[in-house]
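Dear colleague,

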Amino acid sequence: MNPSVPACPSCGSTDGFDAGYLPDSQPGGMIVGRWMPGVPEFGLLKGLKWRGRVHLEVRADRCRRCGLLALYAVGPAR
Ligand SMILES: [Zn+2]
């Protein structure tokens, strides 16, 4: 047990989490997945409306024991 590492809320392990992220694709290449507030809204061509809205990059840390993903909206998307 490592007291400086928070316990996994799923399995209780204190083995720690591996840092990671959820890649997403868009025309031109891959990006880091993003979090946006609210519910998805789609335009006439079924594309997701996102311009002018807050969007933050998502960090996805994985529990080393059970695989639980802990998602964090961490900062402005690049
Ligand atoms: Zn776990």
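The protein chain has a mean pLDDT of 90, and 96% of its residues reach 70 or more, where pLDDT is the predictor's confidence in each residue, from 0 to 100. This is a predicted model, in which local features need a pLDDT of at least 70 and side-chain atom pairs count only at pLDDT 80 or more, while totals for chains, interfaces and linings use all residues. Residues are numbered from 1 along each chain as its sequence is written.

Turning to the overall fold, the protein chain has 0 helices and 6 strands, and the elements run β-β-β-β-β-β from the N terminus on. The radius of gyration is 16 Å, well over the 12 Å that the globule rule gives for 78 residues, so the protein chain is more spread out than a compact globule. Helices (H or I, at least four residues) and strands (E, at least two) are DSSP runs, numbered from the N terminus; the radius of gyration is taken over C-alpha atoms, and the globule rule is 2.2 Å times the number of residues to the power 0.38. Along its principal axes, the C-alpha trace spans about 55 × 25 × 20 Å. Of the 78 residues, 4% count as buried, a term that requires 20 or more other C-beta atoms within 10 Å of the residue's own, whereas exposed means 12 or fewer and partly exposed lies in between, with C-beta atoms placed from the backbone.

Confidence is lowest in strand 2, at a mean of 90, and highest in strand 1 (residues 17-18), at 97. Strand 2 (residues 23-26) runs antiparallel to strand 3 (residues 29-32), and 4 bridges join them; two strands pair if DSSP finds at least two bridges between them. Within this pair, Pro23 has Val32 of strand 3 as its bridge partner. The hairpin has 2 residues between its strands, and Gly28 takes a positive phi near 100 degrees there.

Finally, please look at Lys46, which lies in the loop between strand 4 (34-35) and strand 5 (56-63). Although Lys46 is not a glycine, its phi is positive, near 70 degrees. Is Lys46 buried or exposed? Lys46 is exposed, because 6 other C-beta atoms lie within 10 Å.

Best wishes
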